[in-house]
Amino acid sequence: MRIDVLSIFPSYFDGLTLSLLGKAQESGLIDLRVRDLRDWTSDRHRTVDDTPYGGGAGMVMKPEPWGLALDEIAGSSGEAPTERPTIIFPSPAGEVFTQKTARALATREHLVFGCGRYEGIDERVFEYASDLGEVRLISLGDYVLNGGEVATMAMIEAIGRLIPGVVGNPESLVEESHEDGLLEYPSYTKPASWRERSVPDVLLSGNHGAIASWRREQQIERTKRRRPDLLPGDETAPV
Ligand SMILES: N#Cc1c(-c2ccc3ccn(Cc4ccc(CN5CCOCC5)cc4)c3c2)n[nH]c1N
């Protein structure tokens, strides 16, 4: 998978060279290219923002640098892509990012993330980008960030770990929170007793059937308690 990131703070993404995603880049599973949007400006101050038409607080990102950058990155950049890119703009006004979104995006060959700042990006950029690829405005959640970089980091991690070969043991992807619509069961490791707290006996029993049942019960109980919104209408229905 090729992933392009456009940002006026490209060093935000230095962390993606670490750990599993760093190894995925070294092995060629992920081709991550982070670019500074200001590279597509032409004035001495490398200006990317201006005042909003119609008034209002703050500044809006100018369309010109975005158009030039997207032409080069998402347009026919000389390489023969087999599919048009998916161009993702993190936005407080976007669809909410979920594990289902991550799974769908992990199947794509080319993702482009456009990280806005200030009060956002000139709307015409989204319209223009839709001629270059599938445009998705995606929100990390119902809270306000200062720009798209943190959301992009989170999405790249959530998507990247689903790419075959990135996570060593694919089994570990199956029993995770949200993967089967439920929160994950509690985990324990040695010592069996720690500060007068013991590991549940069933986990020490060696009875794999009983362990599986206990874990499922824990998932359902936790989901009912912490995230009832994830449960189908009938809470007693098997998920
Ligand atoms: N993903 C994600 C995000 C973002 C996000 C993503 C991208 C950008 C680019 C600029 N910002 C700052 C910003 C904050 C608030 C607002 C709303 N305005 C409405 C009118 O009153 C002023 C405020 C706009 C722009 C961004 C925030 N926030 N929360 C998420 N889950």
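How many aromatic pairs does the count come to? In this predicted model, the count comes to 3 aromatic pairs. The legends below treat the aromatic rings and then the sheet.

**View 1. Phe-9 and Tyr-12 form a tilted aromatic pair.** The ring centres of Phe-9 and Tyr-12 are separated by 6.4 Å, and their planes make an angle of 55 degrees. Phe-9 has a relative accessible area of 35% and is therefore partly exposed. Tyr-12 is likewise partly exposed, its relative accessible area being 37%.

**View 2. Trp-66 and Phe-89 form an edge-to-face pair.** A pair of aromatic rings is described by the distance of the centres and the angle of the planes. For Trp-66 and Phe-89 the centres lie 6.0 Å apart and the planes stand at 65 degrees, so the pair is edge-to-face. The pair connects distant parts of the chain, since Trp-66 belongs to helix α2 (residues 63-74) and Phe-89 to strand β5 (residues 86-96), 23 residues apart. Are these residues buried or exposed? Trp-66 is buried, with a relative accessible area of 0%. Phe-89 also counts as buried, at 1% relative accessibility.

**View 3. Trp-66, Phe-89 and Phe-126 make up one aromatic cluster.** The edge-to-face pair of Trp-66 and Phe-89 thus belongs to a cluster that includes Phe-126.

**View 4. Five strands form an open sheet with parallel pairing.** The order of the 5 strands is β2-β1-β6-β5-β7. Which strands stand at the edges? The edge positions are taken by β2 (31-36) and β7 (134-139); each has a single partner strand, so one side of each is left without a neighbour in the sheet. From one strand to the next, the twist averages 25 degrees.

**View 5. Strands β1 and β6 pair in the parallel sense.** Strands of a sheet pair through backbone hydrogen bonds, either parallel or antiparallel. Strand β1 (residues 2-7) and strand β6 (residues 110-114) are joined over 5 bridges. Within this pairing, Val-5 has Phe-113 of β6 as its bridge partner.

**View 6. Helices α2 and α5 lie against strands of the sheet.** Helix α2 lies across β1, β2, β5 and β6, and its direction is at about 170 degrees to β1. Helix α5 (residues 149-160) packs on the sheet and touches β1, β2, β5, β6 and β7. The direction of α5 makes about 160 degrees with that of β6.

Key
Residues numbered from 1 in each chain as written. Predicted model: local features only at pLDDT ≥ 70, side-chain atom pairs only at ≥ 80, totals over all residues. Heavy atoms only, no water. Phe/Tyr/Trp six-rings, centres within 6.5 Å; stacked < 30°, edge-to-face > 60°. Buried < 20%, exposed > 50% of the residue type's maximum accessible area, 1.4 Å probe, protein only. Helix = DSSP H or I, 4+ residues; strand = E, 2+ residues; numbered from the N terminus. Pairing = 2+ DSSP bridges. Axes fitted to C-alpha atoms, helices over the stretch in contact; angles between N-to-C directions. Contact = heavy atoms within 4.5 Å.
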